[in-house]
Amino acid sequence: MQFHHHGYVSGDPRVQNPAGTGVERPSELPKEMDILVVGSGPAGMLLSAQLSQFPELTTRIIERREGRLPLGQADGIQPRSVETFQAFGFAERIVAEAYNIAYMNFWSPDPENPQNIVRTARTEDYAFKISEFPHLIVNQARVLDYFAEAAAEGPGRIIPDYGVEFLGLTVHEDGNYPVEVRVRYLTGERAGEERTVRAKYVAGCDGARSQVREAIGRKHVGAASLHAWGVMDVLVNTDFPDWRTKCAINSEAGNILHIPREGGYLSRMYIDLGEVSDDDNHRVRQTPIEAIIRKANDILHPYTLEVKQVAWHSVYEVGHRITDKFDDVPEGADREPRVFLTGDACHTHSAKAGQGMNVSMQDGFNLGWKLGKVLTGQSPKSLLATYSAERQPVAQQLIDFDREWSSLMARKPEEISDPQELATYYLATAEFPSGFMTQYGPSMITATDIHQDLAAGYPLGKRFKSAEVVRVGDGNTIQLGHHAKADGRWRIYAFADASAAGDASELAALAEWLSSPESPVSRFTPSGADSDAVFDVKVIYQQRFEQVDISKVPKVFLPQTGALGLTDWEKVYAAGPSAWMGSDIFEEREISRGGAIVVVRPDQYVAAIMPLSARGELTEFFAQSMTAQP
């Protein structure tokens, strides 16, 4: 990580200096604010952590709970989420305390004794095959803790206002703060007091029973599937040999999805409670924990569970619902959105695909930088319409996938012709549950694929897939994508042609133009700001790092930033991964040896691919979503 560029730092470098509204942040919820976040779940806390990087803004987050979440219901962390954690600076720490899923085993009835189960497949987890990031299990509460830390230690110093309940809102047609919000204090000396505050924008991150959704008249569309599952987090003694391995268990008595959890002892079990009648009226939710444990033992036969402690349990009926739109703009209306929905407030499904928390966090990531750019005057308000346009199709894909996965998990033995079918499906669909299937279509922030052949390994609209490169300044091999932090900046990666540093070339011409007043870097960076405050521009040479003369590298790739104007030596790379290995990023990501420009959005998705000569095209692309600065 980089620090000291504003002066010597003797403390924890992860704690950024407060700035703007973070310098003297008032403890009292202000009467007026730029953004009000309702709910401190995964989407709300990531959104707050992102907005803390925009300290010019007044951002507040309200939560009806009295304090932090002590025990979360979600626990599956997909590789894309770990990649996101890395951008927020805490991936290594959360990986250290999480359970890493290495294998998923599959169990079915023993053909010779169908009352017993036997292992039928052992599959290496998909994360090993498609990403450098692991597939983890860790309690949702800890995820929220880390995002809360990132928000509180960012320049904006954002912390939740606990014990404050959202009551309703009204969106007015005019005014600087058009969203009028009613809240009520639930704790402390002010308990019971109601207030009205105003905001420019409101983000509803308040769960499946979202009051924000109700306030803007949006509807959850869908229904329950009339199938119930018990879920419990338990500490047990057992003779089941795969207790510390993720398992899908199918038996004549029902089905179990078994997931070991962090800490080495705790495990979660989803236990099939069977079909629910039309007139059940949710009575199945009253199923006692003793009945759920008995059912688990029946399914595991001939193995047994001796439950020592139940940390948490519940019963739920599988439901698949999606909200008709993710913002408050009426169909056909020509106005900007003022209220947004994220996470469970706009999509709900079963927990067994491990997608709820993961997709919710990506909702927050997608929305956060857009709000920041618009409110700081860097982008037009029209950018905000892309949130619902991009995230609603993703949610629908999630619902469709989860419906199929849940159906497969709930089948009876006589409905299964091939015992390997579930394992095959699990591996064949790996890109979706891992979080890497999302692909945004062409828009003001995602170009068309006319130049896709220049970097075939970076599909337009999909997340920027990292690869190893060598940092020229010190010879260290690093992951290029890991250098991109969730700081709201766009990334411009200049993959060089075959020329060397200092030679006359298309790269040299591009670098000279990027330093000129006509380039997007100059046009869209505020006066007085660091030259890389809006665009993080990097170069990757085809030569090995020993062959790159850094003294001849164009200055746009060696900017002088910070209060002291210190040279940043960490934007110049060689193809690598090292001088003695044959493969390099150009080969791995199928990048043209004639060079290419790869533009990456602040939320890590590939926005544009262009030839090194496409200066006018690059300017036109950014002009769609950015506002020229004085």
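**Close-up views of a sheet and its salt bridges**

**View 1. Phe-495 meets its bridge partner, Ile-540, in E22.** This is a predicted model, in which local features need pLDDT of at least 70, side-chain atom pairs count only at pLDDT 80 or more, and totals for chains, interfaces and linings use all residues. Residues are numbered from 1 along each chain as its sequence is written, and side-chain values use heavy atoms, without hydrogens and water. Strand E21 (residues 490-495) runs parallel to strand E22 (residues 535-541), paired over six bridges. Strands are DSSP runs (E, at least two residues) and helices likewise (H or I, at least four), numbered from the N terminus; two strands pair if DSSP finds at least two bridges between them.

**View 2. Seven strands make an open, mixed sheet, ordered E20-E19-E25-E22-E21-E26-E27.** Strand E20 (477-479) and strand E27 (606-610) each have a single partner strand, so one side of each lacks a neighbour in the sheet.

**View 3. A salt bridge joins the side chains of Lys-571 and Asp-532 (3.3 Å, N to O).** Here a salt bridge is a side-chain nitrogen of Lys or Arg within 4 Å of a carboxyl oxygen of Asp or Glu. Lys-571 is buried at 2% relative accessible area, and Asp-532 is buried too, at 9% (buried is under 20%, exposed over 50%, partly exposed in between; 1.4 Å probe, protein chains only). Shared partners link salt bridges into one network whose members include Asp-487, Arg-489 and Lys-571.

**View 4. Glu-28 and Arg-195 form a salt bridge between their side chains (2.7 Å, N to O).** The two residues are 167 residues apart, with Arg-195 in strand E11 (residues 194-204). Glu-28 is partly exposed at 35%, whereas Arg-195 is buried at 16%.
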